[in-house]
Each structure stands twice: as C-alpha cells, then as structure tokens.
Amino acid sequence: MKPECTTSDYRRISRWEHEAIVDRLNARMEHNPEMMKVRRSTVEHPFGTIKAWMGSTHFQMKTINRVSAEMSLHVLAYNLKRVINIMGTRQLMKAMWA
C-alpha cells in the first residue's frame, strides 16, 4: 500500500517544539474532564468579554511592557465594571472612602 500513500522513500512527521506541553495538557484533561468546566466558568468569560470590548483581537501597543500595561488597564476596567454591577456605585464609593 505504500506506493498509494507516498512517493517518497521515507515519511516525515513534524512536531511543534512545545508539543510535549500540549500532550501533557491533553493527558490531564482526559484524566479530569471537570477541569475544563471550571476553567470555562472562571477564566474564559472575562477574557472573552475583554476581547469583545477591545473590538478586535489585537493590542494597540507594541513591546511586552506596553502590552502588559494595556492588558492591566483592560483587567482593571473589567473588575471595576463587575464591582459596580455587584455592589452598586454608592457602596463602591463608600468602600473607597473607608
């Protein structure tokens, strides 16, 4: 069947240099499928919301320090908006003055 599959004398298999990390992650996920449910409920929603607010999938800044600062501002805005929705503006202002 080899002539039907390839014309080469040998077969090449390429792997990403960090493929072992992905393999370990997949093994952990197979061992404990509840992990993904927890991740979706705690991590994925804030990142999806922040991504939607940004209007695109790209950062405006360049270099790791500036991108880190930009992401920090996005996270701060997300957290403030969430606190306002949970506590309300008056309670938040009262807590900030205390």
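Trainee: Which of the elements has the lowest mean pLDDT, and which the highest?
Mentor: Helix α1, residues 2–5, has the lowest, at 72. Helix α2, residues 19–31, has the highest, at 91. Keep in mind that this is a predicted model.

Trainee: New topic. How many helices and strands are there?
Mentor: Five helices and zero strands. Along the sequence, the pattern reads α-α-α-α-α.

Trainee: What box do the C-alpha atoms fill?
Mentor: Roughly 75 × 35 × 20 Å, taken along the principal axes.

Trainee: What percentage of the residues is buried?
Mentor: Buried residues make up 10% of the 98.

Trainee: What about contacts between residues at least 6 apart in sequence? How many of those join residues at least 24 apart?
Mentor: The share is 32%.

Trainee: Let's do helix packing. At what angle do α3 and α4 pack?
Mentor: About 110°, with the axes 10 Å apart. Helix α3 covers residues 34–54. Angles of 65 to 115 degrees count as roughly perpendicular, so α3 is roughly perpendicular to α4.

Trainee: Which residues make that contact?
Mentor: From α3, they are His45, Pro46, Phe47, Thr49, Ile50, Trp53 and Met54. From α4, they are Glu70, Met71, His74, Val75, Ala77, Tyr78 and Lys81.

Trainee: How do the residues of α3 with α4 split by class?
Mentor: Nine are nonpolar, three polar and two charged.

Trainee: Now α4 and α5. How do their axes cross?
Mentor: At roughly 115°, and they come within 7 Å. Here α4 is residues 64–87 and α5 is residues 89–97.

Trainee: How many of the residues in the contact of α4 with α5 are nonpolar, polar or charged?
Mentor: Five are nonpolar and two are polar, with no charged residues.

Key
Residues numbered from 1 in each chain as written. Predicted model: local features only at pLDDT ≥ 70, side-chain atom pairs only at ≥ 80, totals over all residues. Heavy atoms only, no water. pLDDT = per-residue confidence, 0-100. Helix = DSSP H or I, 4+ residues; strand = E, 2+ residues; numbered from the N terminus. Axes fitted to C-alpha atoms, helices over the stretch in contact; angles between N-to-C directions. Nonpolar A, V, L, I, M, F, W, Y, C, P; charged D, E, K, R; others polar. Buried < 20%, exposed > 50% of the residue type's maximum accessible area, 1.4 Å probe, protein only. Contact = heavy atoms within 4.5 Å. Parallel < 35°, antiparallel > 145°, perpendicular 65-115°, else oblique.
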